[in-house]
Amino acid sequence: MITVQVTYTVKADFVEENINNINIFITDFKTMLTSKFLYHVCMKDDGLTFEHIAMFENEEIQKEVLSTPSFVSFQQQRDEKGLVAAPVIEILKHVGSSISLIK
């Protein structure tokens, strides 16, 4: 299993657009093989910092998910218009979960 955490902060005037773009790609993700991956997005208390946590069964599904056009568009818009600083990307080791979404 591949688990990745991405944390980034956006400009205040980009927050609403970022949330809209997230909702678009999440809607698309829900139509995919969701038993093969989990994608979760949270906003921190500052209202500017977002944290994405993704779990993929394997590299093949990771590539498929991350190449979804709405996700690519989200990244481009965030990177070109919204970022305060480069995202922090961390590879995590999955230890456990209360439910088994990925076999």
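**Hairpin, salt bridges and pocket**

Author: This is a predicted model. Strands β2 and β3 form a hairpin with five residues between them, and G47 in the turn has a positive phi of about 75°.

Reader: How many bridges join β2 to β3, and do the strands run parallel or antiparallel?

Author: In a regular strand, side chains alternate between the two faces of the sheet. Here β2 (residues 37-43) and β3 run antiparallel and are joined by seven bridges. Within this pairing, H40 stands opposite I53 in β3.

Reader: How many salt bridges does the structure hold?

Author: Side chains of opposite charge can pair when their charged atoms come close. The structure holds four salt bridges. One of them links E57 with K36, with the closest N and O atoms 3.3 Å apart. Because E57 lies in the loop between β3 and α2 and K36 in the loop between α1 (15-29) and β2, the pair ties together parts that are 21 residues apart in sequence.

Reader: Is R78, which forms a salt bridge with D79, buried or exposed?

Author: The closest N and O atoms of R78 and D79 are 2.8 Å apart. R78 has a relative accessible area of 6% and is buried, whereas D79, at 42%, counts as partly exposed.

Reader: Which residues lie nearest the centre of the largest pocket?

Author: Rolling a probe the size of a water molecule over the atoms shows where empty space is left. The largest pocket has a volume of about 240 Å³. Its lining comprises 16 residues, with V4, V6, L66, F71 and Q75 nearest the centre. The lining divides into twelve nonpolar, three polar and one charged residue.

Conventions
Residues are numbered from 1 along each chain as its sequence is written. This is a predicted model: local features need pLDDT of at least 70, side-chain atom pairs count only at pLDDT 80 or more; totals for chains, interfaces and linings use all residues. Side-chain values use heavy atoms; hydrogens and water are left out. On a 1 Å grid over the protein atoms alone, a cavity is a set of points where a 1.4 Å probe fits but cannot get out, and a pocket is an open set with protein on both sides within 12 Å along at least five of seven lines; lining residues have an atom within 4 Å of a point. Grid points are joined across faces, edges and corners, and a volume is the space filled by probe spheres set on the points. Ala, Val, Leu, Ile, Met, Phe, Trp, Tyr, Cys and Pro count as nonpolar, Asp, Glu, Lys and Arg as charged, and the others, Gly among them, as polar. Two strands pair if DSSP finds at least two bridges between them. Helices (H or I, at least four residues) and strands (E, at least two) are DSSP runs, numbered from the N terminus. A salt bridge is a side-chain nitrogen of Lys or Arg within 4 Å of a carboxyl oxygen of Asp or Glu. Buried means under 20% relative accessible area, exposed over 50%, partly exposed in between (1.4 Å probe, protein chains only).
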